[in-house]
Amino acid sequence: MRFDIITIFPEYFTPLSASLLGKAQDRGLLSFGVHDLREWAYDRHRTVDDTPYGGGPGMVMKPEPWGQALDDVLTPGARLVVPTPSGRRFTQKVAGELAASPQLVFACGRYEGIDSRVMAHYSSPSSGVEVDELSIGDYVLAGGEVAVLVMIEAVSRLVPGVLGNAESVSDDSFAPGRMENLVEGPVYTKPPVWRGLEVPQVLTSGHHGRIARWRRDEALRRTAALRPDLLARLGREGLDKHDRRL
Ligand code: ADE
């Protein structure tokens, strides 16, 4: 899978060569292109922003450098992702949808955002590109770069082969299927007693059925305690017949 990122701060993306993503790159599963938007600026000062029409504070990113950059970087069938706090919420489900795309192009806005005509232009059916304006949460970051790192990490681990066989994404919090609208319960490792705290006995019983049931119960308890908003979305269809006894 190919990721292209257009930004005025390419240095934000050095972590892409570390850890899981670095290994996936070495193995040829993922490839990244990080592009400096100023390469497509056309004046001596390499200007990428200007004052907003209608007045108000801050600056808006000019459409021309973005248009040139995106025309050069987008390939047919790509998805254009624009991180913005006013976008649709980025969730595990959206991560799964994005992971099915051959190329994702991320347009990182700074200041008050990118001139809206850029998104309008690429959203038109004739562009052959799908445009997603996405928010990673209800808070405002200084720019899209950190949000893009979050999205790339969440999407990459869903690309087949990126995680080792032993790790299954289907048991993760929010995973479509049995974990949709649930967060995972607690996890433990050795030693069996630490500072007087014992590991729940069921986990050392070797009884796979009881362990699976306990994990499901803990996920439901934790979701009810910490994320009642998710539990409300679970509905009766999201419960199995044993869940109802809780
Ligand atoms: N840019 C600034 N804040 C953001 C957020 N919460 N999500 C995505 N992009 C952003």
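**View 1. Strand β6 and its partner β1 in the predicted model.** Asp 4 sits opposite Val 105 of β6. The model shown in every view is predicted. Five bridges tie β1 (residues 2-7) to β6. The two strands run parallel. β6 is mostly covered, with four of its five residues buried.

**View 2. Strand β6 and its partner β5.** β5 spans residues 79-89 and β6 spans residues 103-107. Three bridges join these strands, and they run parallel. Arg 79 has Leu 104 as its bridge partner in β6. Val 81 stands opposite Phe 106, also in β6.

**View 3. The sheet as a whole.** Five strands make up an open sheet. Their order is β2-β1-β6-β5-β7. The pairing is parallel. β2 (31-36) and β7 (130-135) are the edge strands. Each of these two pairs on one side only. From one strand to the next, the twist averages 25°. In a regular strand, side chains alternate between the two faces of the sheet.

**View 4. Helix α4 on the sheet.** α4 covers residues 116-123. The helix lies across β5 and β7. Relative to β7, α4 runs at about 140°. β7 is one of the edge strands of the sheet.

View 5. An unreviewed UniProt entry carries the annotation "binding site" for Gly 109, Ile 136, Gly 137, Asp 138, Tyr 139, Val 140 and Leu 141. Val 140 lies in the loop between β7 and α5 (145-156). Leu 141 is placed in the loop between β7 and α5 too. How many C-beta neighbours does Val 140 have inside 10 Å? Val 140 has 10, so this residue counts as exposed; the cut-off for exposed is 12 or fewer. Leu 141 has 15 C-beta neighbours inside 10 Å and therefore counts as partly exposed. Which residues does Leu 141 contact, leaving aside its neighbours within four places in sequence? The contacts are Val 146 and Ala 147.

**View 6. The two domains of the chain.** The domain assignment gives domain 1 as 2-156. Domain 2 is given as 169-245. The centres of domain 1 and domain 2, taken over C-alpha atoms, are separated by 35 Å.

Note on methods: Residues are numbered from 1 along each chain as its sequence is written. This is a predicted model: local features need pLDDT of at least 70, side-chain atom pairs count only at pLDDT 80 or more; totals for chains, interfaces and linings use all residues. Domain bounds come from an automatic or database domain assignment. Two strands pair if DSSP finds at least two bridges between them. Axes are lines fitted to C-alpha atoms, for helices over the stretch in contact, and angles run from 0 to 180 degrees between N-to-C directions. Two residues are in contact if their C-beta atoms, placed from the backbone, lie within 7 Å. UniProt positions are given in the numbering used here, feature names are shortened, and annotations may be inferred rather than shown by experiment. A residue is buried if 20 or more other C-beta atoms lie within 10 Å of its own, exposed if 12 or fewer, and partly exposed in between; C-beta atoms are placed from the backbone.
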